[in-house]
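This report goes through selected local features of one protein model.

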Amino acid sequence: MKNKISTISILRDQGKLDLAEKMASQTLESTFSIDVLSLLIDILVDKRKGENAINLLEIYSDKISSQPLSRELMGAHAKALLATGKKSEALELFHQTTLSFPKWADGWNNFGCCLRNMSRYSEAIPKLKQALVLDNGHTKAALSLSSIYKGYGNLDRATGVISQCLETSKAPELIEALVKLFHQSSNHNQALSWAKKLTEDQN
């Protein structure tokens, strides 16, 4: 099962969503797995099939209730709710996820990103910071927190968040964000230096 989950995840990361959905669905039909269901829900949300994701959760509700609480499924369910416009329900589930799994960085990032998307920036900041406390290389949390500070016009803090995350994660999207921030703050030498590094890493 672990090999199948890994293959489905790789297909999703490669953007082969139709193939990932097909493989996840076939796997789920033969053997129920919370991990596969969680992944399939995420894939459906990626494909803008939020209603299908919610329907799938209802179909498997009995089997879900007989399983231990899953942080991945809670997160996927909340994203499906958000995708179908049920923002308040999604926000509550994101909150519940952080209460049930307080040491899961992804849960805090999801909660913070949901608040950010609702323009509740002051509430989003501590959630995103907590994600980075738990995982200082959490690329998504760093990018989201940096974007909030950038929106406030605080380029130094925005740059600081990205720079600190880069000490652990070398994700190219972090470097791209840093280059843009340096350009925006007229620090063109630093922007050029990091742009060269990004080019070198990609070659």
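Is cysteine 165 buried or exposed?

## Basis

This is a predicted model, in which local features need pLDDT of at least 70 and side-chain atom pairs count only at pLDDT 80 or more, while totals for chains, interfaces and linings use all residues. Residues are numbered from 1 along each chain as its sequence is written, and side-chain values use heavy atoms, with hydrogens and water left out.

## Cysteines

Cysteine 165 is buried, at a relative accessible area of 1%; buried means under 20%, exposed over 50%, and partly exposed in between, with a 1.4 Å probe and protein chains only. The closest cysteine sulfur to that of cysteine 165 belongs to cysteine 113, 13 Å away, which is too far for a bond.

Cysteine 113 is also buried, with a relative accessible area of 16%. Its sulfur lies 8.9 Å from the closest cysteine sulfur, in cysteine 114, again too far for a bond. With a disulfide taken as a pair of cysteine sulfur atoms within 2.5 Å, the count is 0 disulfides.

## Helices 10 and 11

Helices (H or I, at least four residues) and strands (E, at least two) are DSSP runs numbered from the N terminus. Helix 10 (residues 139–151) packs on helix 11 (residues 155–166) at an angle of about 170 degrees, with the axes 7 Å apart. Axes are lines fitted to C-alpha atoms, for helices over the stretch in contact, and angles run from 0 to 180 degrees between N-to-C directions. The two helices are therefore roughly antiparallel (over 145 degrees; under 35 is roughly parallel, 65 to 115 roughly perpendicular, the rest oblique).

Contact means heavy atoms within 4.5 Å. Residues making this contact include Leu143 and Tyr149 of helix 10 and Val161 and Cys165 of helix 11.

## Helix 3

Helix 3 (residues 34–46) has 13 residues and should span 18 Å at 1.5 Å a residue; its end C-alpha atoms are 18 Å apart, in agreement. The expected span is 1.5 Å times one less than the number of residues.

Among the buried residues are Leu37, Asp42 and Val45. The cover includes helix 1 (2–13), helix 2 (17–30), helix 4 (50–59), helix 5 (61–65) and helix 6 (71–83).

## Positive phi in loops

Arginine 48 is not a glycine, yet has a positive phi of about 60 degrees. It sits in the loop between helix 3 and helix 4 and is exposed, with a relative accessible area of 79%.

Serine 186, also not a glycine, has a positive phi of about 65 degrees. Serine 186 lies in the loop between helix 12 (172–184) and helix 13 (188–202) and is exposed at 53% relative accessible area.
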